Structures are given as C-alpha cells and as structure tokens.
Amino acid sequence: MVNDSKNAPDTGQQGRARRMAVLAQADPRQLACLWRDLGIDPAFSLVRGPETGLVTLRGRIGGGGSPFNFGEATVTRATVRLGNGAVGHAWMLGRDHAKAKLAAVIDALAADPAMERSIEASLIAPLARSAADADDAKRAETAATRVDFFTMVWGED
Amino acid sequence: MYVAVKGGEAAIENAHRLLDDRRRGDRSVPALTLDQIAGQLALAVDRVMAEGSLYDRELGALAVKQARGDLIEAIFLLRAYRTTLPRFGYSRPVDTAAMLVERRISACYKDLPGGQVLGPTFDYTHRLLDPALAEDAGTDQPVRREGETEPVMRVSEILAGEGLIEGDGAVAQEKGVGDITRTPMEFPMDRDTRLQALSRGDEGFLLALGYSTQRGYARSHPFAGEIRIGEVEVSVDIPELGFAVSLGRVQVTECQMVNQFKGSAKAPPQFTRGYGLVFGQSERKAMAMALVDRALRASELGEDMTAPAQDEEFVISHSDNVQATGFVEHLKLPHYVDFQAELDLVRRMRAEHDAARVTGAGDELEAAE
C-alpha cells in the first residue's frame with residue numbers, strides 16, 4: 001500500500017501506515033457505519049485541525065526520471081489526544097473534516113494493542129475488503145476492453 | 001489631479017442577481033447537483049481540475065456549476081480558491097508504473113505485456129448524435145472479464161532494452177524541484193518547471209501547438225508510445241510520524257510520446273521522448289503536452305529553432321488561460337481616461353497630417369508651375 005523504502009519500517013509503523021491508508025481511502029458513510037457498530041465513544045481533545053490545505057503532487061519526467069510538480073490536491077489533516085494521553089493523526093485527500101477527525105481518533109485508539117486488534121477486525125478489514133472489491137470490479141471491467149488480436153488470411157498459399 | 005467617478009453599485013448588484021437567475025434558469029427544471037456534474041460531466045470536471053491545477057472533484061463540479069459551464073471561468077474560480085489554502089507539503093513522486101490502469105494503449109507495439117486495453121474511450125465511436133441519450137433509457141452494466149492481472153509494462157522499457165531510446169529525463173536538482181507557484185518564472189527554464197506549466201496549460205493552446213508540430217512546424221515524427229489512464233497513489237512524508245502515508249488516490253492520464261531523432265554531435269541516432277502527465281481522464285491534453293514538451297527540447301537536443309512550438313518563452317508565457325483571460329478580458333473594464341488621451345492624440349495627429357497635406361499640395365502646385 002505504502003511505498004516506504006527509505007525508512008526501514010518496523011511492523012508497528014507499517015501497520016499504522018497501512019491503517020491510515022485504508023482510512024484515507026475509506027468511503028465516509030461506510031466508515032461512519034462501522035464506527036457506530038463498534039459502539040465506542042472515547043473522550044478526546046483536538047490538538048490540531050481538522051484543517052484543509054494543499055499538497056503539491058509530484059510526478060517523474062518520463063515516468064521514472066527527475067521529479068516535477070504537476071498540480072495540487074486538497075488534503076485534510078487532524079490530530080487528536082485521548083483521555084489516556086494517546087495521540088492520533090489523520091491525513092487524507094479531500095475536505096472531509098468529520099472523517100479526518102474520526103480517523104485521527106481511530107489512529108489514537110489503535111495505540112492500545114487490544115483495541116488495535118478490535119479496530120483491525122471490525123473497521124480496517126471490512127474497509128480494506130470493500131476497497132479491494134471495488135478495485136477488482138474496475139480491473140475486470142477494464143480487462144473486458146482488452147483487444148484480442150487475431151489474423152485473417154486471404155487467398156491461396 | 002484625480003477625480004474618482006462613482007456609480008454602478010446598483011447596476012453591478014442587479015447584474016449579479018440576474019446572473020444568479022440565469023444560472024438557475026427555468027425553476028420548473030430540477031437544479032443540477034454536484035454529484036450529477038462530477039459523475040455525468042466528469043471530463044469537464046477533469047479539465048477544470050487539470051487547468052485549475054487543483055485535484056478536488058467536488059470543487060471542480062461546484063466551479064463548473066457556478067460558472068454556468070464556462071470552463072475557463074471555472075478554472076479561474078479553482079485557482080482563486082487554492083490561494084486561500086495553506087500548503088502542507090509535497091507528495092512523493094507518484095508511481096505511474098503501479099497505476100490501477102483503466103485504459104492503456106500503444107501505437108508502437110501491437111502485442112505488449114499488459115495488452116491494448118481500451119477502457120471508456122470515445123475512439124471507434126461513430127460520432128453520431130444519439131437521440132436515445134435525450135431520455136434516461138437506462139444503461140447496461142459493463143462487461144467483466146475476471147482473472148487477468150498481467151503487469152502493464154512501459155513501452156519505453158521495451159525500447160530501452162535495445163538501447164534505442166533515451167532515458168526518462170533528468171534535470172540538475174541542486175536547487176530543488178522547480179515550482180512556478182512559489183518562484184516567478186524565468187527563462188530559459190528547466191524541463192521540470194516547464195512540465196509543471198504545461199500540465200496546467202490551456203488544452204486548446206497546447207493542442208494547436210502540438211498540431212503545428214505535426215504539420216511541419218518543428219516536425220518531430222511522433223508516435224503515441226503509450227497512453228495510460230488510471231489511479232495512482234499519493235504518498236506524503238508526515239513530519240509528526242517520521243514515515244510516509246498514503247493519502248488516497250488521484251486519477252491521471254500519462255502520455256509517453258516517442259519521437260525519431262537523427263542524432264547530433266552529442267547523441268547517436270535514437271528515439272527521443274516527450275512526456276505528458278495531467279489530472280483526470282485528459283487524453284487529448286496529455287498528448288498535446290507531450291508533443292509540446294518534445295518540441296521545447298529543441299535547444300537541449302541541438303535542433304534548428306524554426307517554429308513557434310520550440311520557443312519556450314512564447315509557449316510558456318501564453319499557455320496559462322487564467323493569465324490570458326485576465327489580460328484579454330481586462331480590456332472591457334473602463335478605460336475612459338486612457339481613451340480620452342488617445343482621442344486627443346489622434347485628433348492632434350490628424351490635424352497635423354491634414355495641415356501637412358495642404359502645405360504639400362501647395363508645394364506640388366508650385367513645382368508644376
């Protein structure tokens with residue numbers, strides 16, 4: 001999910017990056033539904049945001065050459081602190097403040113290993129599955145438009 | 001002495017109210033929703049995001065609605081909006097090789113790893129107006145073909161295997177990646193900065209310039225080596241975490257143009273390349289960008305400078321449609337005092353001209369006598 005070759009990531013960091021990526025991509029309605037089903041409502045305070053700003057997107061010349069800036073995207077981020085002192089962050093494309101705040105709360109909750117398992121099972125796994133299903137559907141629809149060439153032969157010899 | 005002329009407040013207010021009314025139109029017709037615009041006029045929204053240089057589908061749709069479908073006005077609105085936002089940073093370069101491909105074609109190779117995948121294209125349609133679309137008659141679900149996940153290889157990698165094509169393109173990066181939104185443009189430009197300007201440049205302008213290179217003004221024998229459309233992941237190094245996180249995906253169109261090159265003192269005969277990368281499904285724009293990128297490399301490649309598309313200052317200075325429309329459209333703002341001065345000047349010149357003609361005519365008469 002996350003291409004992170006520079007920092008040698010431990011599994012906790014990898015897991016957190018993956019969780020944040022799944023939350024960033026999640027459909028806000030599905031996330032809100034799953035969160036409600038989880039039935040927890042921790043007290044928290046906002047440390048930063050939620051706030052919307054810009055991230056400048058980079059590509060590479062020719063696809064793999066030197067980087068260049070090719071545009072900007074709206075990004076929303078939030079940082080929260082739970083009653084127990086755990087701090088959570090969220091960064092995601094778009095301008096959905098409610099979703100960013102909720103994702104930051106989930107990130108903070110996941111600092112607790114027991115809670116992390118429950119979040120993984122009840123939130124992250126179903127969200128990741130929905131995203132993977134949507135990608136599979138798109139891949140299959142695209143694959144149906146692939147050209148199968150065949151040759152025709154005219155005349156003798 | 002300045003004398004301010006006041007007035008017009010009421011007229012302006014009423015004009016804007018009239019604009020609101022005309023935008024809404026017939027109240028018995030349902031108002032457009034942003035979902036409808038983003039979903040059903042998606043390519044208009046893509047163009048607004050690309051040239052507005054801001055990826056946000058909902059805002060793009062809002063801009064199209066507010067601008068009554070005037071896309072350059074919508075682009076202007078998006079550019080104005082982005083200036084109100086703080087900058088959080090730069091993404092890691094997106095990896096178009098890892099794209100979730102929705103379309104991928106090559107005009108160079110028929111059979112290539114990943115295949116020719118048409119995706120949702122206008123190509124091969126008959127361009128006949130479809131009266132059925134006047135009604136909402138329902139639409140078939142797309143066909144699916146399961147179980148194919150062949151990696152989609154870049155065409156440039158195939159040619160690179162033979163050593164017949166130049167590399168991806170490197171610019172000296174001592175001063176960091178150029179950014180025209182932070183530093184005023186200076187000529188000559190590095191290719192990274194130029195590509196940024198082209199990526200948000202006006203589609204019509206770049207299309208015309210790209211076309212001019214095909215018609216012989218800086219001919220470069222282009223082939224559409226590869227065009228791919230799809231979603232790429234946006235990753236950002238998060239300072240408070242110390243590692244990179246994916247923020248989601250954006251849809252982009254990438255065009256790798258492959259061009260013949262006879263060779264020069266510095267380089268052997270080989271294929272050279274032009275590159276296009278644009279937000280959304282913007283194939284025509286990405287192709288035009290790649291053609292113009294290649295044309296603008298004339299001096300780098302030691303080619304003769306003969307055509308407008310090779311003139312960096314001309315192309316880049318006039319590619320931004322927000323700047324262009326600002327300067328062209330400012331002509332309709334009051335220039336009453338300027339014009340009075342011009343009028344005086346022309347009257348005086350005319351009087352002098354007439355006087356000179358009378359004298360001149362007298363001189364000729366004298367000469368004839």
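Which lysine lies over the face of A:Phe149? The legends below get to that, starting with some ground rules. This is a predicted model, in which local features need pLDDT of at least 70, side-chain atom pairs count only at pLDDT 80 or more, and totals for chains, interfaces and linings use all residues. Residues are numbered from 1 along each chain as its sequence is written, chains are lettered from A in the order in which they are written, and side-chain values use heavy atoms, with hydrogens and water left out.

**View 1. Charges over rings.** B:Lys110 is the one over A:Phe149, 4.8 Å from the ring centre. A:Arg58 puts its charged end over the ring of B:Tyr90, 4.2 Å from the centre. (Over a ring: NZ of Lys or CZ of Arg within 6 Å of the ring centre and within 35 degrees of the ring normal.)

**View 2. An aromatic cluster.** Ring pairs (centres within 6.5 Å) join A:Phe68, A:Phe70, B:Tyr55, B:Tyr275 and B:Phe279 into a cluster. The count over all chains is five aromatic pairs.

**View 3. Around A:Glu120.** A:Glu120 is partly exposed at 29% relative accessible area (between 20% and 50%). Beyond neighbours within four places in sequence, A:Glu120 is in contact (heavy atoms within 4.5 Å) with A:Arg18, A:Ala125 and A:Pro126.

Definitions and conventions:
Buried < 20%, exposed > 50% of the residue type's maximum accessible area, 1.4 Å probe, protein only. Phe/Tyr/Trp six-rings, centres within 6.5 Å; stacked < 30°, edge-to-face > 60°.
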